[in-house]
Amino acid sequence: FAEMADGGSATAAGAAESEGGLLAELLSPINLFLISLCLFLLYKIIGGRRQPSTPSKPRLPPMKKRDFTPQELQKFDGRRQPSTPSKPRLPPMKKRDFTPQELQKFDGRGEPETEAGRILIGVNGKVFDVSRGRAFYGPEGPYGIFAGRDASRGLGTFSVDKDAIRDEYDDLSDLNAMQWESIREWEQQFEEKYDYVGRLLKPGEEAHDYTDEEDVKEAEQNRERTKDD
C-alpha cells in the first residue's frame, strides 16, 4: 500500500506540474499577444456588420461679427424662416435710344426686378442696363445718384455730388484729356459687364429704329454675358 500511495502522489504531482506548465505556456507573452490579436480581429469582424450610423448634419460656421438692432436680433430666434422664392431676373430690354429726360424715368425707384425698378445709366453717349448692379446703382447704393442719368461727368471727375449731374444733355466739352480717358475706361467696363440698350441722344438728334435682327443679336450677346457673370 505504501508503494501505491507513493505512486499516486507522484502521479498527482506530475499532473499538477503538467497543468502548471500548460498554464505558464498559455500565459507566455507571445501567446497573450496572439490571443489579443484574435479578439481584436473578431471585434472588427462583428463590428463591421453593424449598420453605418447616419452622418450628423454639419454645424453652422461661426457668424461674422456685426452689430444688431433689437428688430434684427429678433430674426435669430432659432425658428426656421420660410424660404422666399427668388424673383426672376428682368428680361433684356428692347434696344432704343433715349433723351436725357426719358432716361430719368429709369432710376430704379420702383419695385426691384420689375420694369418699374429697371436702372439705366448713360456713359459717353451710350445707355446701359445696370439693373443687376442694384447694390451699387440702386437708390440706396453708393452710386445711386447716377441712376437714370448720364454718369459721364461724375465718372470722369470722380465725383458723386449733384454738381456732376445735368438735367439737360451734357456735351462734356469742359473736361480735360485725363478726365476723358477715365470716362473711356469706365465705358469699357460697362460694356464688359452690363447690357447696352441704346444711345443717349443729343439735342435735335433722331432716335434710331433698331431692327428685330439687331435685337436678336443683342439678346444673344446678353445671354453670353449673363453666363460669364
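**View 1. The second largest pocket holds about 170 Å³ of space.** A pocket here is an open set of points, on a 1 Å grid over the protein atoms alone, where a 1.4 Å probe fits, with protein on both sides within 12 Å along at least five of seven lines. Grid points are joined across faces, edges and corners, and the volume is the space filled by probe spheres set on the points. Of the 13 lining residues, Asn-124, Gly-125, Tyr-169, Leu-200 and Lys-202 are the closest to the centre of this pocket; a lining residue has an atom within 4 Å of a point. The lining comprises 4 nonpolar, 3 polar and 6 charged residues, where Ala, Val, Leu, Ile, Met, Phe, Trp, Tyr, Cys and Pro count as nonpolar, Asp, Glu, Lys and Arg as charged, and the others, Gly among them, as polar. The model is predicted: local features need pLDDT of at least 70 and side-chain atom pairs pLDDT 80 or more, while totals for chains, interfaces and linings use all residues. Residues are numbered from 1 along each chain as its sequence is written, and side-chain values use heavy atoms, without hydrogens and water.

**View 2. Strand S2 (residues 126–129) pairs with S1 and with S3.** Strands (E, at least two residues) and helices (H or I, at least four) are DSSP runs numbered from the N terminus, and two strands pair if DSSP finds at least two bridges between them. S1 (residues 120–123) runs antiparallel to S2, joined by 4 bridges. In the hairpin of S1 and S2, 2 residues lie between the strands, and Asn-124 has a positive phi near 55°. Phe-128 is the bridge partner of Ile-121 and stands opposite Tyr-196 in S3. S3 (residues 195–199) is antiparallel to S2 over 4 bridges.

**View 3. Ser-152 and Arg-153 lie in helix H6.** Both are buried (under 20% relative accessible area, 1.4 Å probe, protein chains only), Ser-152 at 0% and Arg-153 at 9%. Contact means heavy atoms within 4.5 Å. Leaving out residues up to four places away in sequence, Ser-152 touches Gly-122, Val-123, Asn-124, Leu-172 and Ile-183. On the same terms, the contacts of Arg-153 include Asp-163, Asp-170, Leu-172 and Asp-174.

**View 4. Helix H1 (residues 2–26) has the lowest mean pLDDT among the elements, 52.** The highest, 97, belongs to S1. Where pLDDT is low, the predicted coordinates should not be read in detail.

Technical notes:
Buried < 20%, exposed > 50% of the residue type's maximum accessible area, 1.4 Å probe, protein only. pLDDT = per-residue confidence, 0-100.
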